[in-house]
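I opened my notebook to look up a few things in this model. Here is what I had on screen.

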Amino acid sequence: MGLTRELRYYLKSQSSSLPRYILEQAIMTLLGGLPSLVGIGLRGIAYKAILRAEGVPLIEHNVRLLSPGNIRLGKNVYLDSQVYLNALPGGITIGTGTSLMHGTVFHVFNYRDLPHAGITVGQNCFFGEYTCIRGQGGVKIGDGVYTGTQVNIAAVNHVFADPNRFIREQGITADGITIEDDVWLGSNATVVDGVTIGRGSIIGAGAVVTKDIPPYSIAVGVPAKVVGDRRDPEAVKRFSGALVFYGELEELRK
Ligand SMILES: CC(C)(COP(=O)(O)OP(=O)(O)OC[C@H]1O[C@@H](n2cnc3c(N)ncnc32)[C@H](O)[C@@H]1OP(=O)(O)O)[C@@H](O)C(=O)NCCC(=O)NCCS
């Protein structure tokens, strides 16, 4: 690949055009590293020139945004430091009141013009530290979805049908992942491509979800198996009489 072609490829993976790339990089270089409330305030105003946001987004220092023109944020979205959003064609939409904690990565990863690529997240979701979503086949997440730390949601598989060729040369399949409202994924859970997790389900820590999970299931293990139903009083009996905590901060964010 010649230098010009390589540069063109690089720019295409960073922004929608050269003028936009220059504007985005200038604003992010000036303000991206500024800590404290001052930085959050200035970015909240200035970043509205490079991404689409309702209200004033709360963006901590050292957040990395690629193709920010394809990022849509609802009101009161919170992006903690070291969050990385790469919104190649297909884009990233994050609903009102949703928080992405330190090191969370949303990467559309659409280098191959996939028709359904993109990541859409509903309102009042919470993504624990270092959670990673790959959106080649399209990832749709409903409202009130919570993840523990280091959860992986990967809407892509490599083709490996020909053992005589490198896997990297055989292309990918990407069917998409849907996670319905009110799902909680425990830490280190992985969701593979093609799966739907039904409303209200619990996925245990470390589970690998390879098949659809019916609504209100409690599913654990590798591969994840349904071991209970939240609507069954027996399955939730340990909460009767348990000490349960709510936070003042949660009330403030409502
Ligand atoms: C899935 C979970 C919620 C289940 O809690 P629970 O309803 O109290 O379930 P129990 O502890 O009674 O366990 C029920 C059975 O599932 C098994 N189990 C529970 N969690 C499991 C897990 N993550 N992986 C594999 N098996 C698991 C238990 O060993 C038990 O098996 P048994 O009946 O053969 O003894 C919980 O174990 C879990 O994984 N929580 C996630 C914690 C987390 O990641 N927190 C991060 C902060 S968001």
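**Ground rules.** I worked with a predicted model, where local features need pLDDT of at least 70, side-chain atom pairs count only at pLDDT 80 or more, and totals for chains, interfaces and linings use all residues. Residues are numbered from 1 along each chain as its sequence is written.

**Sheet one.** I took strands as DSSP runs (E, at least two residues), numbered from the N terminus, and called two strands paired if DSSP finds at least two bridges between them. I found an open sheet of 7 strands with parallel pairing, in the order β1-β4-β7-β10-β13-β18-β21. Its edges are β1 (52–53) and β21 (196–197), each pairing on one side only. Inside it, I looked up β13 (139–141) and β18 (177–179), which run parallel and are joined by 3 bridges. Lysine 140 has threonine 178 in β18 as its bridge partner.

**Sheet two.** I traced another open sheet of 7 strands, parallel in pairing, ordered β3-β6-β9-β12-β15-β20-β23. Here β3 (64–66) and β23 (208–209) are the edge strands. Between β6 (84–86) and β9 (105–107) I noted 3 bridges, and leucine 85 is partnered with phenylalanine 106 of β9.

**Glycine 171.** I located glycine 171 in the loop between β16 (157–158) and β17 (172–173). Is glycine 171 buried or exposed? It counts as exposed because it has 11 C-beta neighbours inside 10 Å; the cut-offs, with C-beta atoms placed from the backbone, are 12 or fewer for exposed, 20 or more for buried, and partly exposed in between. From glycine 171 to valine 139 I read 19 Å, C-alpha to C-alpha, across 32 residues of sequence.

**Ligand.** I listed 13 residues around the ligand (C-beta, placed from the backbone, within 6 Å), and Gly148, Gly186, Ser187, Gly204 and Ala205 come nearest.

Methods: Helices (H or I, at least four residues) and strands (E, at least two) are DSSP runs, numbered from the N terminus.
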